[in-house]
Structure formats: structure tokens, C-alpha cells
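Please read them alongside the structure.

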Amino acid sequence: MQPKFRTIVTRLLAGACLLCATNAAATAASLSTVYKTIANARFVDLTHSFGTDTPVWSGFGQAKMTPAVDPTTKRPYDIAHDGFRATYYEMVGQYGTHVDPPAHFDEHGTTMDKIPLKQMILPLIVLDDTPYLVKDPNHAFSLDDLHAWEHKNGRVPEGAFVALRTDMSKDWESNPDRFKRSPFPAWKLETLKFLYEQRHVTATGHESMDTDITDKMDSETYILKSGHYQIEVMANLDQVPAKGALIVVSWPKVKDGLGFPARAFAIVP
């Protein structure tokens with residue numbers, strides 16, 4: 001390499017390094033600003049606590065939670081003797097507020113450990129079904145209802161998480177039998193198809209244990225076989241605005257997992 005050319009290359013590399021360092025510093029500063037904004041926001045828990053007596057589909061049965069025991073002595077670990085205690089959990093993945101990955105209904109679908117991290121923090125849209133429940137307690141949120149929402153609030157943004165508010169979550173602890181009722185307010189299939197195919201949302205969720213207004217599970221089958229995940233048994237959607245918030249959803253990274261209790265919360269400006 002000629003000396004003059006070597007000098008040019010060296011200067012170009014130095015300039016590139018300086019540019020990268022500048023961009024990295026700018027990105028770090030930007031993330032710092034974002035964190036300060038988030039830290040001053042209001043956080044709303046969208047997740048129910050669950051135990052051995054909380055509502056679940058009868059086909060799965062209640063969870064069992066027992067003290068973890070020493071496999072040799074069979075004695076439960078306790079703080080007095082062992083310095084720690086632990087719980088052994090026995091339950092179905094679809095328990096409490098939970099994630100349904102595509103593989104739950106699709107043999108070749110994405111399992112919960114392979115859902116991209118970027119899909120776990122999204123703009124949150126809340127569709128309010130409660131005004132319709134006064135006349136129709138089991139109202140299915142329709143395409144006309146969605147168009148009315150958009151007329152008032154603007155177009156549902158691409159990539160959003162769309163949650164359906166029905167206030168069923170208020171019965172989770174106070175009236176579990178009513179929470180488990182059927183029929184119940186839910187989605188209409190046409191609405192979900194429009195959201196995924198025309199608005200290109202990333203995921204949806206709701207307060208009930210099921211997506212559908214019928215036993216055929218058409219809506220849930222459509223969501224999961226289309227490659228999307230959903231969150232069921234959400235809480236406190238009445239405390240979140242129609243738009244403008246973010247949702248953060250996380251769950252354990254179970255290898256080839258078909259569903260698990262999730263933790264979801266909203267960051268509200």
C-alpha cells in the first residue's frame with residue numbers, strides 16, 4: 001500500500017470510529033432521556049395475582065402449590081433449618097394472566113421462547129366494550145364498534161397491542177363464578193381479522209379466559225394460526241387511556257413452551 005493511500009485509509013477509519021462513537025453517545029443520551037420519561041410516568045399493573053383457588057377452565061383444573069422438599073429426607077425446606085424456603089408449583093401453562101403463543105394451537109407455530117423481544121414492548125390501544133354492555137351484557141366487539149372508536153380516537157397504529165376492555169376483571173376475585181360465566185363479552189372474528197390484516201397490529205389481549213363468543217374457538221384459532229400471540233385474563237384496563245400508553249409483557253423463557261403465566265403492565269404518560 002502506498003504511503004499516501006495508507007494515510008487516506010487511516011483517516012477514513014479514524015473518521016468512521018469517531019462517527020460511531022458520536023452515534024453511540026447520542027444513542028446513550030437518547031435512551032437516558034427515554035428512561036427519565038418512563039420513570040416519571042404512571043405504571044398500571046395489567047396482571048392478576050393467582051393462587052390455588054382462582055378461576056381456570058374446568059378442563060385444566062386448579063393449580064397446586066406446596067412447599068419444596070428435600071428429595072433425600074422429604075422434609076420441606078424452611079428458613080429455621082435451611083435458611084430458605086421454596087414452593088413447588090403444579091399447574092397448566094394457561095393459568096391466570098397468561099400468554100398464548102402460536103404453537104398453542106398450531107403444531108408448527110412459534111413457541112413462547114421464540115417470540116421476538118421487540119414484540120414485548122408495544123404501543124397500547126384499549127378498545128372499550130363497556131358502553132355496549134348496558135343493553136347487551138355479552139356484546140361482541142364488532143367492526144362497526146371499531147370504526148366508531150377510530151372515528152373518535154384516530155386510526156389504530158401499525159404494530160400496536162390492542163386490548164379489549166370489558167371490566168370482567170373486576171369479578172376475578174370478588175365473584176369468580178360470574179367471571180367464569182358463558183356467554184361473556186368478547187371479540188368478533190371480523191374485528192380481529194381487520195386489526196391484523198388491515199391495521200397490521202402485533203398482538204391482542206382481553207380480560208376473559210377465552211377469545212371467542214362461541215365454543216368453536218374461531219377467533220383464537222385465527223390469531224394463533226396467523227403467527228400472533230395473545231394475552232388472556234388481563235386486569236385494570238379501565239385505568240389505561242384509549243391510546244398513548246405502552247404495554248410491556250414478559251414471561252419465562254420455557255423451551256418450546258406452549259403458554260405460561262405472564263406479567264403485563266402499562267406505562268401511562
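What percentage of the 269 residues in the protein is buried?

1. Overall makeup. Buried residues account for 42% of the 269 residues. The model is predicted, and the remarks that follow should be read with that in mind. Its secondary structure consists of 8 helices and 13 strands. Of the contacts with a sequence separation of 6 or more, 73% are between residues 24 or more positions apart.

2. Packing of α7 and α8. Two packed helices are described by the angle between their axes and the distance between the axes. For helix α7 (residues 189-197) and helix α8 (residues 218-225), the angle is about 15° and the axes are 9 Å apart. Angles under 35 degrees count as roughly parallel, and α7 and α8 are therefore roughly parallel to each other. Their crossing is right-handed. On the α7 side the contact is made by Leu-189, Leu-192, Lys-193, Tyr-196 and Glu-197, and on the α8 side by Asp-218, Ser-219, Tyr-222 and Ile-223. Sorted by class, the contact of α7 with α8 has 5 nonpolar, 1 polar and 3 charged residues.

3. Surroundings of α8. Within α8, the residues Ser-219, Glu-220, Tyr-222, Ile-223 and Leu-224 are buried. Tyr-222 and Ile-223 also belong to the contact with α7. The buried residues of α8 pack against α7 and against the strands β4 (98-100), β8, β9 and β10 (230-232). After α8 comes Gly-227, which has a positive phi, near 90°.

4. Packing of α4 and α7. Helix α7 also packs with α4, here at an angle of about 45° and with the axes 8 Å apart. The two helices are therefore oblique to each other. From α4 the contact draws on Leu-143, Leu-146, His-147 and Glu-150, and from α7 on Glu-190, Thr-191, Phe-194 and Leu-195. By class, there are 4 nonpolar, 2 polar and 2 charged residues in the contact of α4 with α7.

5. The salt bridge at Glu-150. Which residue meets the side chain of Glu-150 in a salt bridge? The partner is Arg-199, with an N to O distance of 2.8 Å. Arg-199 lies in the loop between α7 and β9 (203-206) and Glu-150 in helix α4 (residues 143-153), so the pair ties together parts that are 49 residues apart in sequence. Both residues of the pair are buried. Glu-150 is also one of the α4 residues in the contact with α7.

6. Other salt bridges. The structure holds 11 salt bridges. One of them pairs the side chains of Arg-165 and Asp-167 at 2.9 Å, N to O, and both Arg-165 and Asp-167 are buried. Another joins Asp-171 and Arg-181, whose closest N and O atoms are 4.0 Å apart. Asp-171 sits in helix α5 (residues 171-174) and Arg-181 in the loop between α6 (176-179) and β8 (186-187), 10 residues apart. Asp-171 and Arg-181 are likewise buried.

7. Ser-169. Is Ser-169 buried or exposed? Its relative accessibility is 12%, so Ser-169 counts as buried. Ser-169 is placed in the loop between β7 (161-165) and α5. With neighbours within four places in sequence left aside, the contacts of Ser-169 are His-48, Phe-179, Glu-207, Met-234, Ala-235 and Asn-236.

8. Met-65. Strand β2 (residues 64-67) contains Met-65. Because its relative accessibility is 28%, Met-65 counts as partly exposed. Not counting residues up to four places away in sequence, Met-65 touches Phe-50, Gly-51, Thr-52, Thr-87, Tyr-88 and Tyr-89. The C-alpha atoms of Met-65 and Glu-90 are separated by 6.4 Å, although the two residues are 25 residues apart along the chain.

Notes. Residues numbered from 1 in each chain as written. Predicted model: local features only at pLDDT ≥ 70, side-chain atom pairs only at ≥ 80, totals over all residues. Heavy atoms only, no water. Axes fitted to C-alpha atoms, helices over the stretch in contact; angles between N-to-C directions. Helix = DSSP H or I, 4+ residues; strand = E, 2+ residues; numbered from the N terminus. Parallel < 35°, antiparallel > 145°, perpendicular 65-115°, else oblique. Left-handed = near helix turned anticlockwise from the far one by under 90°. Contact = heavy atoms within 4.5 Å. Nonpolar A, V, L, I, M, F, W, Y, C, P; charged D, E, K, R; others polar. Buried < 20%, exposed > 50% of the residue type's maximum accessible area, 1.4 Å probe, protein only.
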